[in-house]
Amino acid sequence: MSKNIHIIGSGFSSLSAACYLAKAGHQVSIYEKNSSVGGRARQLIKNGFTFDIGPSWYWMPDIFDRFFSDFGKKTSDYYQIDKLDPAYKIFFDDDIITVGDCMEKICNEFERIEKGSGIKLNKFINVKILKLKLILVSILFWFLNKTKTGKSMRAYSDNEDLALLSGIDPKRVVMITWIIAGILATIGGALYGLDKSFKPFTYFNNMLPIFAAAIVGGIGNPFGAFLGGYVIAFSEIFLTYAYKKFFMYVLPASMEPETLVQLLSTDYKFAVSFSILVIVLLYRPNGIFKGKVL
Ligand SMILES: Cc1cc2nc3c(=O)[nH]c(=O)nc-3n(C[C@H](O)[C@H](O)[C@H](O)COP(=O)(O)OP(=O)(O)OC[C@H]3O[C@@H](n4cnc5c(N)ncnc54)[C@H](O)[C@@H]3O)c2cc1C
């Protein structure tokens, strides 16, 4: 049944809600206290200059694409996105900071402001995280294969009854497993946050891929979990990556694609891990490294 709906404000949220409600057949009215629409994203035009009031970065383009396609349109029917270089400039009284469009330029700007900082930033981003991951994996494998506690954990995981007969204390094994899992999850979360962003519910988004990685690799096999992680991550990226940029590099300008050239929207990342999980459970339930069957 069609209803009369009144929406206060004309920002992105109100405008998009109004579009969907109108599409569903309702009578929608929007009330805005300012003289123009757009909310935080509106423009201020003064003395011949146009200023953006709020947003400057075009984040999550797939969401805009999906919104337009829900109404049978394309973003390219209305606007074109050009990558800016420099991305932006910050003006101080005595200096201008120029943020370039790639990591190399950003590092160079850091270097200009403080000698050695650009190299440090680059090292930190590219090398430190990878190094730390390799060190952690090596310590974990050394611990599991070379120490008495690690061996008792593996023995308990392989054959519970035999492990109990050889005098392994199951409570101790479970406690140590939880401590190690907690430490690794904390470090993993901190590194993930450095690479992406820190958000309280990030863990929830990563639960399914982590679960899938452990099963794909083989439950109970640490190397399997390591490899399973890469299989899941690369499959997700391969299927949801926007290949537009890639084609822009390899094709002549006249053949540049207009769309993002994505096999699947990034919203379907979960579906990719879930599908892999289902396929593995159906066809190879003990995973790549023949772990346990759940
Ligand atoms: C400085 C700044 C930089 C930002 N940078 C980015 C960025 O780079 N990239 C990005 O994606 N996001 C950015 N954002 C965030 C983004 O702008 C907002 O998330 C988005 O615009 C919010 O939209 P909204 O519809 O939720 O709210 P708003 O855009 O705030 O819309 C609310 C509307 O309601 C109206 N209103 C409120 N009360 C009443 C009332 N009583 N009667 C009538 N009208 C009323 C307001 O006037 C306004 O038009 C930035 C925000 C700011 C402030």
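Between which helix and which strand is the loop where Pro86 has its place?

Modeller: Pro86 sits in the loop between helix H2 (61–69) and strand S5 (88–91), where helices are DSSP runs of H or I with at least four residues, strands are DSSP runs of E with at least two, and both are numbered from the N terminus. The peptide bond that leads from Asp85 into Pro86 is cis, with its omega near 0 degrees. Residue numbers start from 1 along each chain, following its sequence as written. What you see is a predicted model, in which local features need a pLDDT of at least 70 and side-chain atom pairs count only at pLDDT 80 or more, while totals for chains, interfaces and linings use all residues.

Although Phe64 and Leu263 are 199 residues apart along the chain, their C-alpha atoms are separated by 17 Å.

Asn47, in the loop between strand S3 (43–46) and strand S4 (49–52), has a positive phi of about 50 degrees although it is not a glycine. Asn47 counts as exposed because 4 other C-beta atoms lie within 10 Å. Val261, in the loop between helix H10 (244–250) and helix H11, also is not a glycine and has a positive phi, near 50 degrees. Val261 counts as partly exposed, with 14 other C-beta atoms within 10 Å.

The ligand gives us another place to look. It is surrounded by 19 residues, and the closest are Gly9, Gly11, Gly39, Gly54 and Pro55; here a residue is near the molecule if its C-beta atom, placed from the backbone, lies within 6 Å of it. By class this shell divides into seven nonpolar, nine polar and three charged residues, where Ala, Val, Leu, Ile, Met, Phe, Trp, Tyr, Cys and Pro count as nonpolar, Asp, Glu, Lys and Arg as charged, and the others, Gly among them, as polar. Helix H1 (residues 12–23) gives the most to the shell, namely three residues.

Gly11, one of the closest residues to the ligand, lies in the loop between strand S1 (4–8) and helix H1. Gly11 is partly exposed, with 16 other C-beta atoms within 10 Å. Along the sequence Gly11 and Gly39 are 28 residues apart, whereas their C-alpha atoms are 4.0 Å apart in space. Leaving aside neighbours within four places in sequence, Gly11 is in contact with Gly38, Gly39, Arg40 and Ala41, contact meaning that the C-beta atoms of two residues, placed from the backbone, lie within 7 Å.

We can now turn to the largest nonpolar core, which has eleven residues, including Ala212, Val216 and Ile232; such a core is a set of buried Ala, Val, Leu, Ile, Met, Phe, Trp, Tyr and Cys residues joined through C-beta atoms within 7 Å. Helix H8 (202–217), helix H9 (222–240) and helix H11 (269–283) each supply at least two residues of this core, and H8 contributes the largest share, five residues. Not counting residues up to four places away in sequence, Ile232 touches Pro209, Ala212, Ala213, Val216, Ser273 and Ile276. Helix H9 also holds Phe223, which counts as partly exposed because it has 15 C-beta neighbours inside 10 Å.

Finally, here is the whole chain around these parts. The protein chain has eleven helices and six strands, and 9% of its 294 residues count as buried. Its domain assignment gives domain 1 (1–79) and domain 2 (200–294), the bounds coming from an automatic or database assignment. The C-alpha centres of domain 1 and domain 2 lie 33 Å apart, and the contact takes five residues from each of the two domains. The side of domain 1 that touches domain 2 has one nonpolar, one polar and three charged residues.

Definitions and conventions
Buried ≥ 20, exposed ≤ 12 C-beta atoms within 10 Å, placed from the backbone.
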